[in-house]
Protein chains: 2
Amino acid sequence: MDISTTSSQGGEGGEGGQLERVMAAMRRRISARALPPGAKLPSIRGCAKTMGVSTSTVAEAYGRLVAEGAVQARPGSGFYVTRTPQPLALAEIGPRLERAVDPFWVSRQSLEAGRAVLKPGCGWLPADWMPEADLRRALREVARAETAVLTDYGTPLGHAPLRQLLSRRMAAQGVVAPPAQILLTESGTQAIDMLLRLLVEPGDTVLVDDPCYFNFLALLRAHRVEIVGVPMTPAGPDVEAFAAVVASHRPRLYITNAAIHNPTGAVLSPSIAHRLLALCEAGDVTVIEDDIFGDFEEEAAPRLAALDGLSRVIRIGSFSKTLTAAARCGYVAARPEWIAALVDLKIATSFGGSPVAAELTHALLRDGSYRRHLNGLRERLARTTADVRARLGVLGIRPWIEPRGGLFLWCALPDGIDAAAVARRAMAHDVVLAPGNVFSVSQSAGGMMRFNVAQCGDPRVFSVLARAMEGAAAEG
Amino acid sequence: MDISTTSSQGGEGGEGGQLERVMAAMRRRISARALPPGAKLPSIRGCAKTMGVSTSTVAEAYGRLVAEGAVQARPGSGFYVTRTPQPLALAEIGPRLERAVDPFWVSRQSLEAGRAVLKPGCGWLPADWMPEADLRRALREVARAETAVLTDYGTPLGHAPLRQLLSRRMAAQGVVAPPAQILLTESGTQAIDMLLRLLVEPGDTVLVDDPCYFNFLALLRAHRVEIVGVPMTPAGPDVEAFAAVVASHRPRLYITNAAIHNPTGAVLSPSIAHRLLALCEAGDVTVIEDDIFGDFEEEAAPRLAALDGLSRVIRIGSFSKTLTAAARCGYVAARPEWIAALVDLKIATSFGGSPVAAELTHALLRDGSYRRHLNGLRERLARTTADVRARLGVLGIRPWIEPRGGLFLWCALPDGIDAAAVARRAMAHDVVLAPGNVFSVSQSAGGMMRFNVAQCGDPRVFSVLARAMEGAAAEG
């Protein structure tokens with residue numbers, strides 16, 4: 001099938017290994033100035049003989065060096081070292097232990113972590129929890145799509161069949177969003193970013209849950225707004241405190257998670273949902289409801305977007321947590337006039353979107369395999385959560401609530417232990433943790449920690465955690 | 001090979017067609033309330049018999065309706081219509097004839113155009129000019145990548161092998177950019193947008209070429225900066241005018257195209273490049289040099305980024321014009337401290353990037369096929385440009401200069417004809433044109449028009465253009 005293409009493209013073994021060997025040899029000679037700028041490379045035939053490989057391997061290697069710019073081809077004459085400076089091979093930017101433990105800390109540590117690093121502090125599932133076979137199948141399907149799908153810019157709203165599917169899925173949660181009121185984005189994060197550009201000015205006040213997803217805080221700071229938090233209860237934000245902040249700060253916007261709240265695992269009760277929405281109506285507060293963890297629910301919690309009918313509530317979501325974070329596709333469902341304004345902003349700031357990611361997402365969602373994958377995920381998460389809760393209990397770490405689903409346990413450390421100190425110590429042993437205050441605008445969660453149960457499979461998580469807690473307790 | 005997967009996924013023919021037929025029949029019955037909310041669907045066996053299809057086809061169809069949310073499965077009981085409102089099937093947002101001919105006009109008309117619409121005004125190549133076979137091969141390669149590549153968020157800087165390759169390619173143009181000074185973005189446009197967020201404040205002055213790429217103007221307006229233009233000459237911006245604007249307006253930033261300028265086809269001369277950079281140094285102006293059309297050059301023009309050594313000049317680029325606009329990957333090369341700041345901004349505003357698009361781009365660039373594709377493209381463009389120039393000449397439309405390469409002819413219409421009027425008339429006949437003033441901050445290009453020669457293959461372009469010019473002349 002594709003074997004012929006693979007081997008000529010150079011994988012790990014056989015001809016691919018020889019190809020890499022020839023390229024590496026030439027690069028070494030160029031950087032050591034054994035072949036200075038302007039020098040002619042050995043002939044293809046000569047190099048093949050010297051290195052014991054075929055002439056076609058050498059031709060391919062030289063072709064790739066040309067593609068890289070290290071070498072130039074002069075037709076009829078041969079291959080020459082490019083007469084231009086080569087960049088220094090500076091070290092990559094690495095994890096920054098010295099950096100303040102701010103909302104970026106967990107993101108950077110997690111995203112930059114090498115394979116050896118354990119990440120119970122990160123917000124996503126390990127690769128082997130994701131639907132690998134379905135992803136490969138969907139990519140092969142996309143490889144057979146018609147040409148324009150593979151080459152052209154996307155339409156401003158994005159892939160119509162995917163928007164139709166999203167519309168039907170939202171209808172099942174009571175959120176009425178016709179496809180024309182849905183805009184595809186490059187991620188859920190990008191969706192929120194675009195909405196902030198549309199809806200707030202620097203200096204406006206934005207309401208968040210305290211604690212909340214730490215990247216909401218990073219994103220809001222990038223927009224230079226005032227952030228005010230409302231304490232969370234297991235059934236949603238504290239309504240009295242919410243009412244007080246609406247009255248005192250006149251916030252423009254409230255950003256929250258639908259369904260299973262990040263990091264707490266709280267789920268909105270119907271009566272709190274109703275009272276929150278009434279407060280937002282009275283105070284003219286726009287709401288962004290991020291449904292990113294919605295598919296982890298067993299039973300659907302109330303959605304503000306459903307109660308409100310997409311009037312002042314904007315629904316956003318993506319599939320980065322349940323399908324793939326490597327080819328992302330987010331969406332916004334909102335009032336038609338907001339969607340029209342977002343389309344102009346999307347054209348200005350990203351032009352055509354990512355049609356291949358949308359095509360891939362559609363291929364993954366449109367049949368029964370996604371539902372089966374979610375069923376399997378939820379079961380596995382439930383089992384894993386029970387196991388991790390028990391192991392944390394041994395260390396005296398107690399969950400704030402029993403979450404109804406999802407990836408996270410929001411936990412209290414034993415009295416007097418500072419979570420940031422624990423996280424710094426664990427990082428030195430290649431374990432990324434998520435200390436409570438990165439989620440807290442009031443910095444009132446210094447004794448809390450969020451654990452991603454799916455990333456706690458290695459027992460080293462608990463041994464490093466135990467030692468880091470001992471160290472932090474001694475320090476404190 | 002993948003045929004078995006295809007047919008069960010539902011393509012055009014055979015079982016796929018039957019699957020669509022069953023789904024459409026059920027959707028019709030649901031929306032007509034023949035099956036009202038809560039009603040039970042026919043049994044799988046019964047439906048299979050009635051519709052003359054296999055039970056597995058019906059099971060698949062019902063599974064997809066569940067995936068869409070239209071139907072719910074009750075294990076052991078059967079399938080039921082979901083008890084929730086279904087969205088209205090509102091019409092999609094269509095092209096807007098009535099809209100003002102502003103910088104968004106050409107973008108929206110081009111991006112929203114259906115298959116029947118001709119687009120000599122758009123800025124990209126037709127699908128059949130793109131490396132289709134290479135794209136399909138690269139997608140199949142990515143489908144075989146290791147699991148984490150397909151599921152995980154990208155690192156903050158992005159795919160290291162692609163950054164190494166970009167570093168070597170830039171070195172061949174004299175631009176010294178180590179991989180650690182290169183950040184991958186979701187597109188060239190997103191790269192500029194992030195830089196603007198980092199470098200300018202609302203009210204700052206930004207210098208552009210007049211005319212320039214119309215989306216620079218849209219993007220700068222989204223950032224609420226003052227835009228000042230400098231007239232273009234065939235060898236770059238007018239240096240005297242540039243000096244005057246630097247002195248009078250103290251601009252923070254200058255944005256321009258490297259290599260073949262959009263829309264004019266102008267190419268920087270070495271002496272103008274040197275004088276421009278000296279003026280930017282003296283006036284402390286940062287420069288964004290967008291290399292998006294660089295790969296269309298036969299011979300490399302001077303790069304400000306090369307002269308400057310990536311000190312005050314920032315290089316950005318992407319492969320949306322030469323590889324694919326459907327899985328985009330852009331990049332920024334800049335000073336290390338700016339890259340560090342961009343990483344934080346990238347995490348806040350998009351979190352993990354698009355690793356699959358980066359992987360795909362790397363697979364397409366790393367061997368000799370890209371060079372061969374570019375050689376073919378340049379030849380085909382040269383032939384097509386000559387042909388289109390001759391056809392335009394018949395209508396009295398004259399190119400401003402003979403471009404050295406690229407997609408565009410920047411042309412003067414016959415005296416007294418307003419390009420926006422011509423474009424509006426042509427749009428009514430499904431031809432999208434690019435009238436000069438969408439490129440001009442001073443609105444001084446009302447008699448000019450940009451033609452994308454690769455999109456002029458259909459003779460109807462010229463017949464509609466001729467009639468639209470006659471109409472506009474009579475109107476004027």
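In this predicted model, a salt bridge joins the side chains of Glu201(A) and Arg224(B), with 3.0 Å from N to O. That pair leads us to the interface of chain A and chain B, where the rule finds four salt bridges. On the chain A side, 110 residues are in contact with 111 residues of chain B. Together the two chains bury about 9,800 Å², and 57% of that area lies on carbon and sulfur atoms.

| Helix pair | Crossing angle | Axis separation |
|---|---|---|
| H3(A) (residues 44-51) and H4(A) (residues 55-68) | about 115° | 8 Å |
| H6(B) (residues 132-143) and H15(B) (residues 355-365) | roughly 125° | within 9 Å |

In chain A, the angle of about 115° means that H3(A) and H4(A) are roughly perpendicular to each other. H3(A) passes H4(A) in a right-handed crossing. From H3(A), the contact draws on Ile44(A), Arg45(A), Cys47(A) and Ala48(A), while H4(A) supplies Thr55(A), Val58(A), Ala59(A) and Tyr62(A). By class, these are six nonpolar residues, one polar and one charged.

In chain B, H6(B) and H15(B) are oblique to each other, and H6(B) passes H15(B) in a right-handed crossing. Here H6(B) contributes Asp134(B), Leu135(B), Arg137(B), Ala138(B), Leu139(B), Glu141(B) and Val142(B), and they meet Val356(B), Glu359(B), Leu360(B), Ala363(B) and Leu364(B) of H15(B). This contact of H6(B) with H15(B) has eight nonpolar and four charged residues, with no polar ones.

Terms used. Residues numbered from 1 in each chain as written. Chains lettered and ligands numbered in written order. Predicted model: local features only at pLDDT ≥ 70, side-chain atom pairs only at ≥ 80, totals over all residues. Heavy atoms only, no water. Axes fitted to C-alpha atoms, helices over the stretch in contact; angles between N-to-C directions. Helix = DSSP H or I, 4+ residues; strand = E, 2+ residues; numbered from the N terminus. Parallel < 35°, antiparallel > 145°, perpendicular 65-115°, else oblique. Left-handed = near helix turned anticlockwise from the far one by under 90°. Contact = heavy atoms within 4.5 Å. Nonpolar A, V, L, I, M, F, W, Y, C, P; charged D, E, K, R; others polar. Buried area = accessible area lost by both parts, 1.4 Å probe.
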